[in-house]
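Here is a short briefing to read alongside the model. Please keep the sequence and the 3D view open as you go.

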Amino acid sequence: KLLSADMVLHEVSTFAGIGNQGCTDGERKAAAFNLPSGITVDAHGQVFVADSGNNCIRKITPNGVVSTLAGGINQGFKDGLGNEALFKFGGSKVDLELDEEGSLLVADIDNHCIRKVRSDGLV
């Protein structure tokens, strides 16, 4: 579950996720995550989340739709498009950064490398 905080009203609310472990895409409040960790936001308001328990990168659009951008439940090391790519996060904290081209740089913890994920999901 991803939380958001309103620092003016001093309120915390659920931004995305149902509060139970899983890997379900869809509307952000119906989506399921498994150990979401690293988060970054691009200039268009898209939120990218390292779903470390599911070994994948998830995207949340400004309209609130969650999709899996790259990777999947299976772990490993493989470049490819979308769910053909494999990561091995091991449930660890995963750092994400956007480069100057808008691609994600991902710290693939258990594969001991930095991976580049383009906006179309190609790793």
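This predicted model holds zero disulfides. The notes below start with its cysteines, move on to a loop asparagine, and end with the sheet.

**Cysteines**
- C23 has 31% relative accessibility and counts as partly exposed.
- C56, at 0% relative accessibility, counts as buried.

**The loop asparagine**
- You will find N54 in the loop between β5 (47-51) and β6 (56-60).
- N54 is buried, because its relative accessible area is 5% and the cut-off for buried is under 20%.
- The side chain of N54 makes a polar contact of 2.9 Å with the side chain of D51.
- Beyond its neighbours within four places in sequence, N54 touches G22, C23, F33, N34, G72 and I73.

**The sheet**
- Five strands make up an open sheet with antiparallel pairing, in the order β3-β7-β6-β5-β4.
- At the edges lie β3 (26-27) and β4 (36-41), each pairing on one side only.
- β6 and β7 (residues 65-71) run antiparallel and are joined by five bridges.
- To place this pairing in the viewer, look for R58, whose bridge partner in β7 is T68.

Terms used:
Residues are numbered from 1 along each chain as its sequence is written. This is a predicted model: local features need pLDDT of at least 70, side-chain atom pairs count only at pLDDT 80 or more; totals for chains, interfaces and linings use all residues. Side-chain values use heavy atoms; hydrogens and water are left out. A disulfide is a pair of cysteine sulfur atoms within 2.5 Å. Buried means under 20% relative accessible area, exposed over 50%, partly exposed in between (1.4 Å probe, protein chains only). Helices (H or I, at least four residues) and strands (E, at least two) are DSSP runs, numbered from the N terminus. A polar contact is a pair of N or O atoms within 3.5 Å; within protein, one must be able to donate a hydrogen and the other to accept it, and residues adjacent in sequence count only if both atoms are side-chain atoms. Contact means heavy atoms within 4.5 Å. Two strands pair if DSSP finds at least two bridges between them.
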